[in-house]
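The sequence and model are shown first, and the description follows.

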Amino acid sequence: MNTNNNTHTTTIEYDDDSVRKFMIASIFWGLVGMSAGVLIAFQLNYWQMNGKFLEWITFGWLKSEGVEFLTFGRLRPLHTNAAIFAFVGNMMFAGIYYSTQRLCRVRMASDLLSKINFWGWQFIIVCAAITLPAGFTRGKEYAELIWPINILVAVIWLIFGANFFWTLGKRNEKSLYVGLWFYIATIVTITMLYVVNHLSIPTSFTHSYPLFGGVQDALVQWWYGHNAVAFFLTTPMLGIMYYFVPKSVNRPVYSYRLSIIHFWSLVFIYIWAGPHHLLNTSLPEWLQSLGMIFSLMLWAPSWAGMLNGLLTLRGAWDKLLTDPIVKFFAAAVTFYGMATFEGPLLSIKAVNALSHYTDWTVGHVHSGTLGWNGFLAAGMFYWLAPRLWNTKLYSNAMANAHFWLGMVGILLYVASMWVAGITQGLMLSATAEGGTILQYPNFLDTLQAIRPVMLFRAIGGSLYLLGFALMAINIWKTARSGNPVNGTVEVPVDEDSHQTAGDKRFFAFLNAPVIYALLIVTFMLVTIFGEGAVFLFGVLMTIFFSVAAIAHFEVSKAAWSEWYGKLLDHGFAFSVLTIIAAAIGGAIQIIPTVTMQRADNIEGRIQIPYTPLELAGRDIYVSEGCYNCHSQMIRTLVPEVMRYGDYSHLGESIYNHPFQWGSKRTGPDLAREGGLRSNDWHYWHMLNPRDVSPGSNMPNYPWLFEKETKVSQLPRKINVMRMLGVPYPIDLSEEEIQAQVDEQAAEIVASLAEKGAFVEPEKEIVALIAYLQKLGSYRETTDEVATAE
Amino acid sequence: MFKRIIYDDWTSIVPQISFWLTFGVFLAIVARALFLRKSTIEHLESLPLQEDESSNSSADHK
């Protein structure tokens, strides 16, 4: 510690080792995740890429009609999880660790927690890379990881949060910069989203059923899914943008005032928009309207952020010609603007009717991840590498080549997906003869039409991957040419005031404006929900506290104007308000759905629970990731009803844990598949889809004819289902379950044998056929006979 | 009957609560941002521009 006349100073060495490790991990997992993406993109054009290709590249040595670990249904979750949690996750940690230390002028609070954060996160990724191809999944998009890994994720995330907030508590800079606000929002909101959407009851070490089912599960899932995009792929990136973009051009952010509006508007509005993933479905109408309206409102804060980022480059546009870092940042922020323009557009119900379940959504997501996240990551890595290894960037030319390969790749990808999505959407809705029949009744006709553009998508993705590989080499060479260094800073130590500030922080949010706001909202709620005297009391108190707040403000204007300023200095208070802002939307949407949309309250159609064999078949369906290509939701749209039958009612999937409404149709909807085709059709279809559906791009599933259904697990699974409210008889013994399985399997096997299709009753294909033939079964709640079941 | 009342009321009330709540927060934040002191703004926006004072080149030997 140094001493001068007035203050003590101390030299702080930042923990840049963690930054280096996260950065290297991000690049490595980025390569893995994007390679998986390119593979599955080619699988959609060439079904042989699901394993048959191994026969060719080994010149016939390895005979295989398909490899279960390599199918699209299993690898697509690997790709999405790797891109989100491994690539962007590690990049986010690198950016947060680097910038938080500088903005707080303090080293991360605990080296041990930083190490646990890093190695724990990598362990989670390895576990995911093993379990997802092996078919262990929860069957919910971006939430596929099995429950032991979920717990691990929650623990590591909390350790990261503890380390972050501890660092904020020890900081030597009084004010919290806007970048730190976005990090706070990320940590608290992801914790809330992840925990709620992963609530499950285990049936074994590798399997569980989610707590919510049917429409409840759909709402919770997309509340999570949408906000995973918002608070994992957007808010930390915005924090990084607000730190690294000013750094790259050495000038402050365009408008700090705008950043305040950007932050609060974004955090407050984003959380409501989840239902836009469920438009025109059986989700209650008011939720769909809320999702759509709040998505449209998102245009304003998103563009505020984009303009703030782009205008930060004012006066430095000349650097676009020479500096690849500025190029990447400018393009990334532009893609942020484009993706956040397209998102609300796709959330308009009429547009969504066309775009949903098509490649348009896939293109939209990739313009965000490749353009916004990927380019921001590249800009940040190119900026960081020379500083972290105290050297110069190995090659500017390679970085420029990366930029143009990536840019062409993204544009090819996104344009292909627009064309594919709009073409398929229009073809699926097209009618003939005065709107009385479908123009393209065969789903495969619409798939064949977009195959050429799907190939361009795969080529675009490959170009992006090639550019990313160039970056990996460039960063590797840069690191080799220098030595790892840690930044240092000299900070004054003011021992007296530090303690005092810490004591005040805890209650900083309890000041007059906040208390008045809470009281007014509370009494407004009393007014809304109360009746008679309670209602009157609520009205009077709302008026009283509103008038009191105005009077108080008039008396103490100066003190009131300070409250927000104080908030900027107090991390805890800021976090509490962020939690409230982020939680309100979710609570208002989810609580009534969870309490009211239950099987007990359903009027009209209600699902008939699965038999034990059908339940086993459903678990196989989920395990194979069939939901990645097949939906189970006929929307309230005329062309869908003409194609698939009556629209799906809310009660028809109420016992589905997890729901399987899907988000993309590479194949047709299966909500009313039961009884539509014969058992032997399904048999031949699973063995080789092209035998019965010429031109299909679905993988072969030969292992379903070899592996046996795990009947021994059924008693425990049925028991958990019963706990979740599915009306299975209480006294169903293991012997009875086995007897029911044997009886139903024997019937299916016999019907297959009649058509020349032979299989043993204990094979997985039999259970899967039982499940597929059950889809769409329901009874009316007024049906007395059925109710007695 | 009870569930029908709750369900219907919720449908009509929630969008209004949501909108006015959000609009109120938005107005409050805009007002707060506009009235923030210039000196505070200048201090905050300069925070990321502070450079490391030096680099410890022995990071890998620690």
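## Overall fold and domains

In this predicted model, 82% of the contacts in chain A with a separation of 6 or more are made by residues 24 or more positions apart. Chain A contains 31 helices and nine strands. Its radius of gyration is 28 Å, close to the 28 Å that the globule rule gives for 789 residues, so chain A is as compact as a globular protein of that length. Along the principal axes, the C-alpha atoms of chain A fill a box of roughly 100 × 80 × 55 Å. Of the 789 residues, 52% count as buried.

Chain A is divided into domains as follows.

| Domain of chain A | Residues |
|---|---|
| domain 1 | residues 14-433 + 443-492 |
| domain 2 | residues 508-596 |
| domain 3 | residues 608-787 |

The centres of domain 1 and domain 3 of chain A, taken over C-alpha atoms, are separated by 33 Å. Between these two domains, 45 residues of domain 1 of chain A are in contact with 49 residues of domain 3 of chain A. On the side of domain 1 that touches domain 3, at least two residues each come from several elements of chain A, including α1 (16-45), α3 (72-104), β4 (208-210) and α17 (443-481). The element that gives the most to this side is α3(A), with five residues. By residue class, the side of domain 1 of chain A that touches domain 3 of chain A divides into 17 nonpolar, 20 polar and eight charged residues.

How values were computed: Residues numbered from 1 in each chain as written. Chains lettered and ligands numbered in written order. Predicted model: local features only at pLDDT ≥ 70, side-chain atom pairs only at ≥ 80, totals over all residues. Helix = DSSP H or I, 4+ residues; strand = E, 2+ residues; numbered from the N terminus. Rg over C-alpha atoms; globule rule 2.2 N^0.38 Å. Buried ≥ 20, exposed ≤ 12 C-beta atoms within 10 Å, placed from the backbone. Contact = placed C-beta atoms within 7 Å. Domains from an automatic or database assignment. Nonpolar A, V, L, I, M, F, W, Y, C, P; charged D, E, K, R; others polar.
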